[in-house]
Amino acid sequence: MAGVWVFRPNGVINLENHQGKKALVHLATGKIVSSYTSLEQILKQFGWERYNGGDPDFLQFHKPPTIDLISLPRDFARFGSVQMFDIALKCPNTFHVRDM
């Protein structure tokens, strides 16, 4: 985790991230993933399938025969670093999260 630990007078400790925004990068092309359409095309190449049995507020992908599931907010504007790191963890040689 990158950031600065801030110790407040009331005893609360927070990790503040002063870094910029994050980006999910497709390693083979070096391009930033800028839409779910491009992300889905890459995921399909590696055996991921759209999963339609879940919450309608999320776009989900499953990789058979594993139990791995990637859940993304349906609105790409809400796609954040938590989802990016989840994708990079489940597809380690395909994606990387970088600071912008």
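Two strands pair, in what follows, if DSSP finds at least two bridges between them. Helices (H or I, at least four residues) and strands (E, at least two) are themselves DSSP runs, numbered from the N terminus. With that in hand, hello everyone, and let's start with a hairpin: S5 and S6 form one, with six residues between them.

A quick word on where this comes from. This is a predicted model, in which local features need pLDDT of at least 70 and side-chain atom pairs count only at pLDDT 80 or more, while totals for chains, interfaces and linings use all residues. Residues are numbered from 1 along each chain as its sequence is written, and side-chain values use heavy atoms, with hydrogens and water left out.

Now the overall picture. The chain has two helices and eight strands, and from the N terminus on they run β-β-β-β-α-β-β-β-α-β. The radius of gyration of the chain is 16 Å, well over the 13 Å that the globule rule gives for 100 residues, so the chain is more spread out than a compact globule. For that comparison, the radius of gyration is taken over C-alpha atoms, and the globule rule is 2.2 Å times the number of residues to the power 0.38. The C-alpha trace spans about 50 × 30 × 25 Å along its principal axes.

How much of the chain is buried? Of its 100 residues, 27% count as buried; buried means under 20% relative accessible area, exposed over 50%, and partly exposed in between, using a 1.4 Å probe and protein chains only. As for contacts, meaning heavy atoms within 4.5 Å, residues 24 or more positions apart account for 37% of those with a separation of 6 or more.

Three strands make an open sheet in the order S5-S6-S7, with antiparallel pairing. Strand S5 (49-51) and S7 are the edge strands, each pairing on one side only. From one strand to the next, the twist averages 30°. Angles here run from 0 to 180 degrees between N-to-C directions, and axes are lines fitted to C-alpha atoms, for helices over the stretch in contact.

S5 and S6 pair in the antiparallel sense over three bridges, and the bridge partner of tyrosine 51 in S6 is glutamine 60. Strand S6 (residues 58-62) is joined to S7 by five bridges, and those two run antiparallel. Histidine 62 stands opposite leucine 69 in S7. S6 and S7 also form a hairpin, with six residues between them. Which helix goes with this sheet? H1 lies across S5, S6 and S7, running at about 175° to S7.

On to the other sheet. This one is open too, with three strands in the order S4-S3-S8 and antiparallel pairing. Its edge strands are strand S4 (31-32) and S8, each pairing on one side only. Five bridges join S3 to S8, which run antiparallel, and leucine 24 stands opposite valine 97 in S8. Helix H2 lies across S3 and S8, at about 25° to S3.

Which residues of H2 (residues 81-90) are buried? They are Gln83, Met84, Ile87 and Ala88. These four cover an arc of only 135° around the axis, which puts them on the same side of H2; the arc is that of the directions from the helix axis to the C-beta atoms. On the face turned away from the buried side, H2 carries the exposed residues Val82 and Leu89. What covers the buried residues includes strand S3 (22-26), helix H1 (36-45), strand S7 (69-73) and strand S8 (95-99).

Why does glutamine 83 count as buried? Because its relative accessibility is 19%. Not counting residues up to four places away in sequence, glutamine 83 touches Ser71, Leu72, Pro73 and Arg78. A polar atom of the glutamine 83 side chain also lies 2.8 Å from the backbone nitrogen of glycine 80.

Last stop: threonine 94, in the loop between H2 and S8. Threonine 94 is buried, with a relative accessible area of 9%. Leaving aside neighbours within four places in sequence, threonine 94 is in contact with Val25, His26, Leu27, Ile42 and Phe46.

Notes:
A polar contact is a pair of N or O atoms within 3.5 Å; within protein, one must be able to donate a hydrogen and the other to accept it, and residues adjacent in sequence count only if both atoms are side-chain atoms.
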